[in-house]
Amino acid sequence: NTNKIDNSYNFDEIIDRTGTNAMNTDGFRQYIFNATSEMKFPFKDEEFIRMWIADMEFATPPEILDAVRERLDRRIMGYSQVFDPSYYEAVASWMKRYYDWSFPKEHLETSNGIIPALYELVEYICQPDEKVLILTPSYGFFKSAADHNQLELVCSDMLNEEGHYTIDFDDFEAKARDEKVRVCIFCNPHNPSGRIWSTEELKRVGEICLNNELWIISDEIHCDLLRTGKTHTPLAKLFPDTDRIITCMSPSKTFNMAGLMFSNVIIPNKALREIWQARHYGFKNPLSIAATQAAYEHGDEWLRQLKLYLDDNFAYVDDFLKIHLPLAVFHIPEATYLAWIDITPYAPKNVNLPLFFAEQAGVLLEDGGMFVSNGEGCIRLNLACPRSVLKEGLGRISRVLVDQQTEQKQAQEELAHA
Ligand SMILES: Cc1ncc(COP(=O)(O)O)c(C/N=C2\CONC2=O)c1O
């Protein structure tokens, strides 16, 4: 089952993920609600429309699955690391083709995911009394990387002009000047706003950080997931003379293989790289190595078609909101497959929005409260799903919000006439 029809990949296919130990289907009670599996809802688990965690409902490309099968056919799954030079060649070729960027082979390390790499790099870079700078709203694990290392987190709230997010450079620079701020974890492209930073913005971030002797971890996991026609610039590409920018990338988000826990960490600074090599547990899953290399060697056409499908999903959301929730603030993001929507005019006040939508609509989603700060009134929808699923999810969301608003108006009228 290659999920290809003629030469097109089938992104409309509904794939059953139950019984696969998927966070998406089985981990939401604990992750979103900090609850046990006993937590009850008016919906069966299989009735939920799942739009929360950022993995896809699409099959991992057949070319990648074939590479895993091929490695399985070697029949021994012993201790493994990346020894084969063809791995670096595959990564380097992808970076050249897509970002016109290259880096020396000796700078390339690998990690069992970018989150673990963030935890390790922050530990190796910071002294115990130093601080971690991030932009907010932020992917929650950026805060965890500071918390995990008992370090103070410093947040620079992004400016939000009617849903257009930009960096408050005065605030960012003021915080970067704090001599105890040692590292900035920078999200490029940005989750959850979906911004692709312009060259000017990237240069200002880099100059502010480097002029204040910060290290920068540029988390670029979303860099392949762009709207068709958009381009990504690795931050390190703009600063070839510094070795204080660490770049984290992975095909895990691009090709729906996050469960294989494999990412690239490009560390130009020799001393830091030596600490990484001394401290990091270097053995890797041989199936993950095979899958990751295959993604870079054979993923182009699947990615091209995926981007077109996501373009259409985003266009559908944009049209839907303009008709059914016209007061919501939404702009099709330049990157990611995540829709960040300000529903303040419709949202019930003082309720836990993920719980509200789970209980009232049978939709699992994340809200601004899960993105550290500066996300009030916003929800985030994962659009990496078949259009039929997207339509059902949006329909349920708008119904409960409009019903909620109608009930609010009726209650106000009754009060007014009481
Ligand atoms: C900015 C960013 N960095 C790192 C990761 C995870 O890297 P990994 O450890 O899997 O290699 C994610 C996944 N983002 C997710 C995952 O679920 N919801 C999200 O927003 C992410 O958005």
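**Exercise 1. Thr25**

Leaving aside neighbours within four places in sequence, which residues is Thr25 in contact with? State also whether Thr25 is buried or exposed.

Solution. Contact means heavy atoms within 4.5 Å. With neighbours within four places in sequence left aside, Thr25 is in contact with Arg17, Asp45 and Arg50. This is a predicted model, in which local features need pLDDT of at least 70 and side-chain atom pairs count only at pLDDT 80 or more, while totals for chains, interfaces and linings use all residues. Residues are numbered from 1 along each chain as its sequence is written, and side-chain values use heavy atoms, with hydrogens and water left out.

Next, Thr25 belongs to helix H1 (residues 23-26); helices (H or I, at least four residues) and strands (E, at least two) are DSSP runs, numbered from the N terminus. The relative accessible area of Thr25 is 8%, so the residue is buried (buried is under 20% relative accessible area, exposed over 50%, partly exposed in between, with a 1.4 Å probe and protein chains only).

Last, the side chains of Thr25 and Asp26 are joined by a polar contact of 2.8 Å. A polar contact is a pair of N or O atoms within 3.5 Å; within protein, one must be able to donate a hydrogen and the other to accept it, and residues adjacent in sequence count only if both atoms are side-chain atoms.

**Exercise 2. Helix H10**

Which residues of helix H10 are buried, and which are exposed?

Solution. In H10 (residues 270-279), the buried residues include Leu272, Arg273 and Trp276. Seen down the axis of H10, the buried residues fall within an arc of 100°, so they line one face of the helix; the arc is that of the directions from the helix axis to the C-beta atoms. An α-helix has 3.6 residues a turn, so residues three or four places apart point the same way. Lys270 and Ala278 are exposed on the other side of H10.

The cover over the buried residues of H10 includes H5 and the strands E4 (108-111), E10 (215-219), E11 (245-249) and E12 (263-266). At the N-terminal end, Asn269 caps H10, with a side-chain oxygen 3.1 Å from the backbone nitrogen of Ala271.

**Exercise 3. Asn264**

Where is Asn264 placed, and which side chain does its own side chain join in a polar contact?

Solution. Asn264 is in strand E12. Its relative accessibility is 0%, so Asn264 counts as buried. Among the residues in contact with Asn264, beyond four places in sequence, are Glu109, Thr247, Cys248 and Tyr296. Asn264 and Cys248 are 16 residues apart in sequence, yet their C-alpha atoms are 5.8 Å apart. The side chains of Asn264 and Tyr296 make a polar contact of 3.1 Å.

**Exercise 4. The ligand**

Which of the 14 residues around the ligand come nearest?

Solution. Ile114, Asp219, His222, Lys253 and Arg380 come nearest, where a residue is near if one of its heavy atoms lies within 4 Å. Polar atoms can then be taken in turn. A backbone atom of Ile114 is 2.6 Å from an oxygen atom of the ligand. A side-chain atom of Asp219 is 2.5 Å from a ligand nitrogen atom, and one of Arg380 is 2.6 Å from a ligand oxygen atom. Taken alone, the ligand exposes 500 Å², of which the protein buries 92% (Shrake-Rupley method, 1.4 Å probe). Helix H5 (residues 114-125) gives the largest share of the shell, three residues.
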